[in-house]
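Hi,

Here is the structure I promised to pass on. Have a look at it first, and then read on for my notes.

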Amino acid sequence: MKGWQQYWRQLSLFGLLSLVLTGCGKEELSALRPSGPVAAMQFDLMKLSFLIMIGVFVVVMLIFTYVLIRYRKRPGQQGIPKQVEGNHALEILWTVIPFLLLIVMAVPTVTTGFELHKKYSPEEAVQVKVTAHQYWWEFEYPDLGVATAQDLVIPVDKKVQFVVTSADVKHAFWIPALGGKIDTNPGLENPIWLQADKTGVFYGKCAELCGASHALMDFKVTVMEQADFDNWTAKMKGVQAAEPVAATSVVAKQGEDIFNQSCLGCHAIAGKGGKLGPNLTNFADRERVAGILAHTPENVAEWLKDPQKIKPGNNMPNLNLDDNQVNALVEYMSTLTVEDKK
């Protein structure tokens with residue numbers, strides 16, 4: 001097989017592979033399957049831009065092909081074809097057409113931009129303050145008296161007004177299926193509103209390179225019916241306003257003592273503790289450990305033994321716990337749930 005044939009064979013194979021891979025992905029983590037009005041507006045802009053680019057490409061290729069054939073050099077031809085330099089009609093044409101295309105793109109882009117940058121009052125939208133950390137997310141509901149981390153909970157068919165900021169470096173808040181993204185800057189607050197049109201679970205990500213574990217800075221978004229959301233906030237508020245419930249089993253009590261001595265300065269439980277690390281009030285209700293691992297006792301133990309192995313560069317220190325201490329902490333943290341508390 002000749003060299004050029006081998007080259008085109010490989011190119012075709014990789015082209016087909018790329019086309020097939022574009023169909024991979026998750027519906028709840030795709031900007032191409034919008035599940036809210038913000039994502040839908042942004043998707044419409046993407047489609048408009050894509051159609052215009054495809055249209056321009058097709059027209060240019062048609063003109064190129066026509067010129068290539070029509071003005072190709074023929075046997076016996078002398079000199080060069082007639083030149084169109086200085087043709088005012090053509091110059092006006094290829095100046096006006098791009099200008100019109102820019103207008104077609106600019107008008108919906110500007111109007112959509114104004115729509116997406118509206119701010120909604122507490123009477124119109126659920127208010128959520130988002131604080132990005134290396135490498136986790138903090139969510140506070142100031143009007144509801146609720147705070148949590150890693151798991152964002154919102155009601156369906158209702159606007160949510162976010163105010164995003166950062167506790168350390170620049171991050172970016174993005175929920176592909178619902179819309180976004182927007183930068184979180186240290187010392188500044190940026191507003192953005194989103195809305196989910198259906199219940200379910202979606203996933204968000206950090207969309208700004210923020211350090212060694214940037215790719216692992218994920219969070220979960222649970223969209224509930226309004227009644228379920230009210231029930232969740234009532235449970236969270238009730239738990240966070242009360243004293244932490246003491247552990248019952250002997251092993252869990254040992255874990256509670258270790259937690260109070262070594263962890264409570266950074267992690268809050270039921271309104272008690274620090275804010276340097278994620279709020280763990282409803283830790284046992286979460287589906288993921290560290291935002292990325294399945295919530296199993298083994299993964300919790302692995303995280304406690306060596307946090308840097310899971311998320312390099314994160315701010316949680318290695319406490320050098322032995323296996324008994326780790327097992328006790330895992331047992332105690334399995335009791336941190338709002339679902340079983342009244």
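Predicted model: local features only at pLDDT ≥ 70, side-chain atom pairs only at ≥ 80, totals over all residues.

Is Asp 151 buried or exposed? Asp 151 counts as buried, because its relative accessibility is 10% and the cut-off for buried is under 20%. If you set aside the neighbours within four places in sequence, the residues in contact with Asp 151 are Phe 139, Lys 220, Arg 286 and Glu 287.

**The sheet with β4**

β4 belongs to an open sheet of 5 strands with mixed pairing, and the order is β4-β10-β9-β6-β7. The edges are taken by β4 and by β7 (179–184); each of them has a single partner strand, so one side of each has no neighbour in the sheet. On average, neighbouring strands here are turned by 20 degrees against each other, direction ignored.

Within this sheet, β9 (residues 200–206) and β10 (residues 218–224) pair in the antiparallel sense, with 6 bridges between them. If you want a residue pair to look at, take Phe 202, whose bridge partner in β10 is Val 221.

There is also something to check in β7. Lys 181 is found in that strand, and the peptide bond that joins Gly 180 and Lys 181 is cis, with omega at about 5 degrees.

**The sheet with β5**

What is the strand order in the other sheet I looked at? The order is β3-β2-β1-β5-β8, again an open sheet of 5 strands with mixed pairing. β3 (146–149) and β8 are the edge strands, and each pairs on one side only. Neighbouring strands in this sheet are turned by 25 degrees against each other on average, direction ignored.

- β1 and β5 run parallel and are joined by 7 bridges. Thr 131 stands opposite Thr 165 of β5.
- β5 and β8 (residues 190–194) pair in the antiparallel sense over 5 bridges. Here Val 160 stands opposite Leu 194 of β8, and Phe 162 stands opposite Ile 192 of β8.

In this region too there is a cis peptide bond, this one joining Gln 134 and Tyr 135, with omega at about 0 degrees. Tyr 135 has its place in the loop between β1 (126–133) and β2 (136–141).

**Helices**

Which residues of α6 (residues 297–305) are buried? They are Asn 299, Val 300, Ala 301, Trp 303 and Leu 304. The elements that cover these buried residues include β11 (288–289), β12 (293–294), α7 (307–310) and α8 (323–333).

Leu 68 counts as exposed, because its relative accessibility is 53% and exposed means over 50%. As a reminder for reading the numbering, an α-helix has 3.6 residues a turn, so residues three or four places apart point the same way.

Last, a pair of backbone angles to check when you go through the loops:

- Ala 290 is not a glycine, yet its phi is positive, near 60 degrees. Ala 290 lies in the loop between β11 and β12 and is buried, with a relative accessible area of 17%.
- Asn 320 is not a glycine either, and has a positive phi of about 55 degrees. Asn 320 lies in the loop between α7 and α8 and, at 66% relative accessibility, counts as exposed.

So where would I begin?

Best wishes

Terms used: Residues numbered from 1 in each chain as written. Heavy atoms only, no water. Buried < 20%, exposed > 50% of the residue type's maximum accessible area, 1.4 Å probe, protein only. Contact = heavy atoms within 4.5 Å. Pairing = 2+ DSSP bridges. Helix = DSSP H or I, 4+ residues; strand = E, 2+ residues; numbered from the N terminus. Axes fitted to C-alpha atoms, helices over the stretch in contact; angles between N-to-C directions.
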